[in-house]
Amino acid sequence: MTIRERYQRLIEYFQQKAPNAETELFYDNPFQLLVAVVLSAQCTDKRVNLTTPALFQRFPDPASLAEASVDEVFSLIKSISYPNNKAKHLIGLGKMLMEKFGGEVPMTVDELVLLPGVGRKTANVITSVIDSQPNMAVDTHVFRVAARIGLTRNAKTPLAAEKQLIRHLPQQLVYKAHHWLILHGRYVCTARSPQCAICGLKEICRYFQSLPKAPQQ
């Protein structure tokens with residue numbers, strides 16, 4: 001199977017099974033999504049969604065967050081991983097949004113990565129989810145699933161995986177493919193015990209094809 005055929009079958013499968021795949025983070029506007037994605041680093045979306053309602057009620061916009069104290073933000077996100085660092089990042093993020101971007105969330109990767117706590121992965125999430133830009137956020141799920149299926153080859157870093165995925169995916173589907181791979185990794189192609197028995201991608205998956213086959217009776 002060629003790499004082109006593998007991608008084509010993957011696209012056909014997900015367009016049928018998950019045509020409307022989207023982020024599982026709860027948000028009402030770009031600012032809320034930005035905060036939620038920053039909080040989601042090394043933390044589950046479920047935990048973030050339990051935490052953000054009170055945070056957004058207290059700090060509904062960059063202006064209010066910019067004036068917050070670390071202790072107050074910490075008290076609202078203490079159930080999240082690394083709450084002290086993230087509290088500082090969020091306050092710094094609020095301040096920079098006000099001082100540099102007029103209180104608006106910028107929509108380019110180059111601008112977003114200037115914000116405290118925002119790396120390339122987060123910037124790719126924001127621009128792809130909010131603006132459907134052809135940017136591929138490579139988290140641990142995407143990195144693992146892409147390698148297992150065979151969508152990437154010898155990609156040693158998230159950036160290397162991102163470049164390979166972008167090269168082979170149709171531009172208009174990149175933002176959606178990001179969700180396809182994340183959700184597949186979260187619920188089917190899990191890290192420790194991939195659920196190959198229920199996976200609809202077995203026929204194109206290099207990992208599955210490498211597994212020892214049961215002897216014929």
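1. The largest pocket has a volume of about 460 Å³. Please keep in mind that this is a predicted model. The pocket is lined by 23 residues, and those closest to its centre are S40, D45, D139, H141 and R186.

2. Which elements give two or more residues to this lining? They are α8 (120-131), α9 (140-149) and α11 (174-187). Of the contributors, α11 gives the most, with five residues. Sorted by class, the lining of the largest pocket comprises nine nonpolar, eight polar and six charged residues.

3. The axes of α9 and α11 lie 8 Å apart, and the helices pack at an angle of about 90 degrees. Angles of 65 to 115 degrees count as roughly perpendicular, so α9 and α11 fall into that class.

4. On the α9 side, the contact is made by H141, V142, R144 and V145, which meet H178, L181, I182, H184, G185 and R186 in α11. By class, the residues of this contact are four nonpolar, four polar and two charged.

5. How many salt bridges does a search of the whole structure find? The total is five. One to look at is R9 with E203, where the closest N and O atoms are 3.5 Å apart. This pair links distant parts of the chain: R9 sits in helix α1 (residues 3-17), while E203 is in the loop between α11 and α12 (206-210), 194 residues apart.

Notes
Residues are numbered from 1 along each chain as its sequence is written. This is a predicted model: local features need pLDDT of at least 70, side-chain atom pairs count only at pLDDT 80 or more; totals for chains, interfaces and linings use all residues. Side-chain values use heavy atoms; hydrogens and water are left out. On a 1 Å grid over the protein atoms alone, a cavity is a set of points where a 1.4 Å probe fits but cannot get out, and a pocket is an open set with protein on both sides within 12 Å along at least five of seven lines; lining residues have an atom within 4 Å of a point. Grid points are joined across faces, edges and corners, and a volume is the space filled by probe spheres set on the points. Helices (H or I, at least four residues) and strands (E, at least two) are DSSP runs, numbered from the N terminus. Ala, Val, Leu, Ile, Met, Phe, Trp, Tyr, Cys and Pro count as nonpolar, Asp, Glu, Lys and Arg as charged, and the others, Gly among them, as polar. Axes are lines fitted to C-alpha atoms, for helices over the stretch in contact, and angles run from 0 to 180 degrees between N-to-C directions. Angles under 35 degrees count as roughly parallel, over 145 as roughly antiparallel, 65 to 115 as roughly perpendicular and the rest as oblique. Contact means heavy atoms within 4.5 Å. A salt bridge is a side-chain nitrogen of Lys or Arg within 4 Å of a carboxyl oxygen of Asp or Glu.
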